[in-house]
Amino acid sequence: MKVLICALNTKYVHSSLAPWCLKSGIDAYTDCECRVYESTINESPEKILSCILSEEFDIIGFCTYIWNKETVLYLSEKIKEMRGTTLVLGGPEVSYNAGEILRESPFVDYVISGEGEEIFARLCSGESAENIPGVSYRKNGKIIEKPPYVSEKPLPSPYTEEYFNALKGRISYIETSRGCPFSCAFCLSGRSCKVRFFDIDEAKKNILKLANSGTKTVKFVDRTFNADRKRAREIFKFIIDNYGVNIPKGVCFHFELEGELIDDETIELLSKAPKGIIQVEIGLQSFNEETLRAINRKTNIPLLCKNIRKILQLENIHTHIDLIAGLPKESMDSFENSFNRALELKPHMLQLGFLKLLYGSELRENPEHVFGFNKKPPYEVISTPYISRDELALLHKVEDVFERTYNSLRFPNTVSYLHSLYESPFQMYKAFSLYLENKDAKTLDKLTYEIYRFFSTEAGINKEKLRDMLVLDRLSTNRMGALPEFLKVKTPVIKDILNQLEKDEKTKRKTNIKRAATVLTTTSEFIYVDYDECDPVTGQYKVNRIKLESIF
Ligand code: SF4
């Protein structure tokens with residue numbers, strides 16, 4: 001049998017571990033010839049189709065997710081029409097609705113629910129679907145649907161030479177545990193099984209292999225990496241100890257952590273990590289206790305905030321926290337409160353997601369908290385008994401502006417100044433998002449200009465200070481080192497001081513290193529930035545300041 005496993009990622013820079021896990025099962029348990037094909041959803045479906053059809057296969061499997069389901073179904077239909085190949089769909093997007101997929105898509109032959117390494121291999125080796133758990137199929141016109149499968153066996157490793165050759169420097173993924181000990185009502189990860197931890201020594205070997213593969217980012221897909229704190233510490237320590245020795249400098253590792261489980265021993269260990277090698281993502285979801293209860297999260301909010309603050313105070317860990325809009329019991333006011341409280345923590349990034357009703361999630365099965373949601377992937381909630389369609393639409397606008405300002409890390413001084421001028425940061429982003437509608441602010445220069453134009457007319461603003469903050473941000477976060485015309489201050493002082501700096505060995509510009517300079521009018525300072533190495537956590541270049549008597 002000749003088998004092809006296809007994965008369509010969202011961007012070229014992402015790789016996918018799933019097809020390689022499936023291939024490892026086929027290689028370990030069968031004598032089938034198996035190939036992996038990876039592409040992205042941005043590629044034209046016709047081009048993907050012609051790549052897939054460039055060779056004959058007996059079985060074609062697709063890894064199906066919310067972002068690629070439509071394309072996968074389109075391709076499957078075409079392949080069946082043109083070649084009649086046996087088609088198998090697997091992945092989270094079909095695991096809990098296998099019957100529906102088989103009913104609505106007659107061109108799909110089998111659906112694999114749950115973990116596929118072992119059962120996809122059994123199917124490919126010719127075993128009858130009837131005997132294989134987790135494989136749904138048709139028999140005499142009837143659909144036989146099976147629940148998601150969880151393997152009891154140790155799983156074969158996806159990290160083969162072929163996998164590393166295909167990685168080509170893209171973001172790589174590692175799984176050292178499967179499942180989640182929690183059971184958030186919007187998520188699938190805690191539904192199928194208790195968390196299982198894979199062999200830690202194997203994990204360490206794979207960390208080294210991945211770190212040396214040319215990738216710059218290794219993401220741990222473990223749903224709650226610190227579910228076992230001792231084990232998490234052992235892996236953190238392994239990474240820290242090997243960094244710069246067996247792990248090349250410049251590689252960073254990304255983890256999803258449960259904030260309340262971050263203990264002082266972990267903080268102490270993380271404090272020793274070189275700057276920027278560890279990034280963490282912590283799901284807050286909401287600050288509304290009723291909401292948290294409704295989604296099965298028993299969050300100790302003060303403890304969670306205390307731990308996030310401790311991580312941020314280390315200043316060496318890039319920290320990303322998440323909120324979700326549209327959750328049960330979360331009104332616009334309560335979301336605004338969650339947003340403001342999350343920002344008070346000053347995370348490097350705050351991700352605003354929108355509730356999606358995934359197949360298999362508790363909220364989809366009991367949709368009492370939802371009025372409407374999109375029936376097509378990603379199944380986003382449109383309105384709930386607590387938040388209206390218009391309010392969610394407004395939150396989308398706020399999210400867009402927030403992504404381009406705060407989360408872009410391009411305006412740290414500016415947003416911090418502007419937050420203080422409004423009743424709350426949320427009100428500031430809301431006002432700006434309404435202003436920015438129908439404005440052309442696609443480029444950084446245009447966006448900077450619109451920020452200046454809008455906020456410089458707002459009550460209480462110090463226009464000069466706003467300009468200084470935008471200048472500081474532009475020079476410290478953009479290695480081009482050029483200011484847009486409207487931010488420039490024309491004074492001979494700049495050239496004079498630059499010349500002075502060149503005369504001193506200590507302040508002379510280094511060879512091939514660009515230098516930018518200007519003056520800040522509100523503090524009467526000359527500032528200059530050398531674009532050598534930026535801070536790996538904040539992405540900012542160091543700003544050097546010289547106090548002036550006066551500028552003009
Ligand atoms: S949201 Fe996170 S913590 Fe909750 S069940 Fe999913 S993976 Fe686990």
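**Notes on a predicted model: a sheet, a glycine and some salt bridges**

1. Let's start with two strands: S5 (residues 110-112) and S6 (residues 135-139) run antiparallel and are joined by 2 bridges. Val111 has Ser136 in S6 as its bridge partner. For the terms, strands pair if DSSP finds at least two bridges between them, while strands (E, at least two residues) and helices (H or I, at least four) are DSSP runs numbered from the N terminus.

2. A word on what you're looking at. This is a predicted model, where local features need pLDDT of at least 70 and side-chain atom pairs count only at pLDDT 80 or more, though totals for chains, interfaces and linings use all residues. Residues are numbered from 1 along each chain as its sequence is written, and side-chain values use heavy atoms, with hydrogens and water left out.

3. Now the whole sheet. It is open, with 7 strands in the order S2-S1-S3-S4-S5-S6-S7 and mixed pairing. Strand S2 (33-40) and strand S7 (142-144) are the edges, each pairing on one side only.

4. Who packs on the sheet? Helix H1 (residues 18-29) does, touching strand S1 (2-9), S2 and strand S3 (59-63). Contact here means heavy atoms within 4.5 Å. Helix H3 (residues 69-83) packs there too, touching S1, S3 and strand S4 (86-90).

5. Next, have a look at Gly276, in the loop between helix H10 (264-270) and strand S13 (278-285). Is Gly276 buried or exposed? It is buried, with a relative accessible area of 13%; buried means under 20%, exposed over 50% and partly exposed in between (1.4 Å probe, protein chains only). Leaving out residues up to four places away in sequence, Gly276 touches Cys252, Asn316, Pro536 and Val537.

6. On to charges. Side chains of opposite charge can pair when their charged atoms come close. The count is 39 salt bridges, each a side-chain nitrogen of Lys or Arg within 4 Å of a carboxyl oxygen of Asp or Glu.

7. One of them joins Arg122 and Glu118, with the closest N and O atoms 3.7 Å apart. Both lie in helix H6 (residues 117-124), 4 residues apart, about one turn of the helix. Arg122 is partly exposed at 23%, whereas Glu118 is buried at 9%.

8. Another pair is Lys310 and Asp264, at 2.8 Å from N to O.

9. Finally, Glu115, Glu117, Glu175, Arg178 and Arg196 are linked in a salt-bridge network.

Technical notes
Axes are lines fitted to C-alpha atoms, for helices over the stretch in contact, and angles run from 0 to 180 degrees between N-to-C directions.
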